Amino acid sequence: MTGPICLHANIATMQKNQGSYGLIEKGCVVINEDKIVWVGPHHELPAEYIGVTQKHYSDRLITPALIDCHTHLVYGGDRAAEFEMRLEGASYEEVARAGGGIVSTVKATRAASEEELLDGALKRLDMLLADGVGTIEVKSGYGLDLKNELAMLRVARRLEKERPVHVRTTFLGAHALTPEYSNRADDYIDYVCNEILPAAVSEGLVDAVDGFCEGIGFSRKQIEKVFNAAAGLNLPVKLHAEQLSNLNGAALVAERRGLSADHLEYLDQSGVDAMAKNGTVAVLLPGAFYTLHETRMPPVAALLEAGVPIAIATDCNPGSSPLFSLVLAMNMACTLFRLTPELALAGVTLNAARALGLEEGRGTIAAGQPADLAIWDVKMPAELSYGIGHRPLHARIHGGVLV
Ligand code: NIG
Ligand code: FE
């Protein structure tokens with residue numbers, strides 16, 4: 001790129017204390033190389049940027065590129081048969097206990113080569129990128145042994161080389177118990193803590209550590225062990241918590257100053273308070289709520305009242321959330337969870353950045369931030385959440401480059 005470029009449009013900066021959406025109508029954002037260098041109303045454009053290349057997007061809207069902060073993008077196979085079973089009346093837990101569910105995806109993932117895993121993940125990634133996503137978190141958790149967990153994480157890291165996207169990887173060894181370890185969950189947790197996680201970390205493949213705290217997952221005690229191992233390796237933690245029942249997982253991850261507690265349909269007030277006290281983000285996953293016919297709502301009002309930041313993600317996975325659109329997740333968060341469109345956009349920008357432990361200011365349009373932007377064929381930000389199944393992206397800028 002040659003010198004600064006000034007983009008003219010309506011701009012949802014998502015900067016705090018700047019009014020609704022930090023919106024600047026008829027604004028300018030100036031990018032230079034891979035950074036944002038200025039943003040403001042066009043009539044305040046500094047003289048030094050008046051002579052540079054100008055691009056007019058007239059009535060279009062520019063937002064920060066979206067951040068999908070909870071996905072299981074890398075996996076083998078699919079679970080369409082399970083979808084049919086559940087529609088005939090089986091619950092997600094019943095399918096899991098009958099050896100389907102996560103464990104069936106583990107089988108298919110282990111049977112796939114790294115190239116096959118990469119091809120499948122790229123197809124799904126392309127759908128998310130076409131929706132304005134510029135940063136994605138990808139979890140392991142369908143390998144569940146040393147060889148296959150590392151393979152998943154390697155594939156996740158390769159996505160960044162194959163496409164214009166930032167990738168954060170999360171180790172989810174404590175996702176489910178495979179048949180090799182049936183009735184030996186504690187032994188499996190020791191294997192995760194003493195062998196798989198250290199090996200993944202020594203290959204530089206782990207940005208954070210996650211677990212599934214649930215009746216069909218792991219107990220608080222077992223998750224505590226995983227968190228101790230993460231702390232020993234200086235890694236931040238997050239947790240699938242209170243999805244199907246209340247095991248007080250959110251309080252557990254909050255007390256460890258964890259980045260996020262995710263799902264949260266069964267969260268109670270003590271969990272909300274622990275999250276508020278420790279700055280732990282609530283990641284809400286409307287795709288899983290919808291797919292599992294959940295009727296219990298996450299306590300959105302209590303979270304907002306307590307000042308807990310809320311993020312929204314696809315939870316893209318073959319079982320509980322085969323959802324390939326973050327813009328649709330925003331719509332679902334509004335309609336199913338009654339978030340405002342402004343909260344939904346904050347949930348896929350600045351609050352999603354925070355759920356990933358990114359630097360302060362990520363997920364906003366501000367001088368000094370990376371030039372990762374989404375340009376939309378809409379005038380005003382509420383339109384993004386309003387459509388169902390629309391594809392409003394006009395273009396995306398990644399590291400200052402139009403993609
Ligand atoms: O976020 N809850 C556990 N893990 C995933 C589901 C994974 C699966 O069903 O394959 C989730 O919903
Ligand atoms: Fe998940």
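A crossing of two helices is right-handed if the near helix is turned clockwise from the far one by less than a right angle, and left-handed if the turn is anticlockwise. That term is needed below. The model described here is predicted.

## Helix packing

Two packed helices are described by the angle between their axes and the distance between the axes.

| Pair | Angle between axes | Distance between axes |
|---|---|---|
| α4 and α5 | about 50° | 9 Å |
| α5 and α6 | roughly 40° | within 10 Å |
| α6 and α7 | roughly 10° | within 10 Å |

Start with α4 and α5. Helix α4 covers residues 114-129, and helix α5 covers residues 146-162. Their crossing is right-handed. On the α4 side, the contact is made by Glu114, Glu115, Leu117, Leu118, Ala121, Leu122 and Leu125. On the α5 side, Ala151, Arg154, Val155, Arg158, Leu159 and Glu162 take part. By class, this contact has eight nonpolar, no polar and five charged residues.

Next come α5 and α6. The crossing of α5 and α6 is right-handed. Helix α5 contributes Leu146, Glu149, Leu150 and Leu153 to the contact. Helix α6 contributes Tyr191, Glu195, Ile196, Ala199 and Ala200. Seven of the residues in this contact are nonpolar, none is polar and two are charged.

The last pair is α6 and α7. Helix α7 spans residues 220-232. Angles under 35 degrees count as roughly parallel. With axes that cross at roughly 10°, α6 and α7 are therefore roughly parallel to each other. From α6, the contact uses Ala185, Asp186, Ile189, Asp190, Cys193 and Leu197. From α7, it uses Gln222, Lys225, Val226, Ala229 and Ala230. The residues divide into seven nonpolar, one polar and three charged.

## Tyr191 in α6

Tyr191 sits in helix α6, residues 185-202. Is Tyr191 buried or exposed? Buried means under 20% relative accessible area. Tyr191 has 16% relative accessibility, so it counts as buried. Beyond its neighbours within four places in sequence, Tyr191 is in contact with Leu144, Asp145, Leu146, Tyr181 and Ile196. Leu144 is 47 residues from Tyr191 in sequence, and their C-alpha atoms are 9.8 Å apart. Leu146 and Tyr191 also both belong to the contact of α5 with α6.

## The iron site

Which residues coordinate the iron ion (ligand 2)? The donors are His70 (NE2), His72 (NE2), His240 (NE2) and Asp315 (OD), at 2.1 to 2.4 Å. Their spacing in sequence is H-x1-H-x167-H-x74-D. His240 lies in strand β9 (residues 238-241), whereas Asp315 lies in the loop between β12 (310-312) and α12 (326-337), so the pair ties together parts that are 75 residues apart in sequence. Both His240 and Asp315 are buried.

## Two positive phi values

Asn248 is not a glycine, yet its phi is positive, at about 60°. The residue lies in the loop between β9 and α8 (249-255). With a relative accessible area of 33%, Asn248 is partly exposed.

Leu264 also has a positive phi without being a glycine, with a value near 75°. Its place is the loop between β10 (260-263) and α9 (269-278). Leu264 has 0% relative accessibility and counts as buried.

Leu252 is part of helix α8. At 2% relative accessibility, Leu252 is buried. Apart from neighbours within four places in sequence, Leu252 is in contact with Arg220, Ile223, Glu224 and Phe227. Leu45 lies 207 residues from Leu252 in sequence, and 48 Å separates their C-alpha atoms.

Arg97 belongs to helix α2 (residues 92-97). Exposed means over 50% relative accessible area. Arg97 has 62%, so it is exposed. Lys225 itself is one of the α7 residues in the contact of α6 with α7.

Key. Residues numbered from 1 in each chain as written. Chains lettered and ligands numbered in written order. Predicted model: local features only at pLDDT ≥ 70, side-chain atom pairs only at ≥ 80, totals over all residues. Heavy atoms only, no water. Donors = N, O, S within 2.8 Å, 3.2 Å for Na, K, Ca; no water. Helix = DSSP H or I, 4+ residues; strand = E, 2+ residues; numbered from the N terminus. Buried < 20%, exposed > 50% of the residue type's maximum accessible area, 1.4 Å probe, protein only. Axes fitted to C-alpha atoms, helices over the stretch in contact; angles between N-to-C directions. Contact = heavy atoms within 4.5 Å. Nonpolar A, V, L, I, M, F, W, Y, C, P; charged D, E, K, R; others polar. Parallel < 35°, antiparallel > 145°, perpendicular 65-115°, else oblique.
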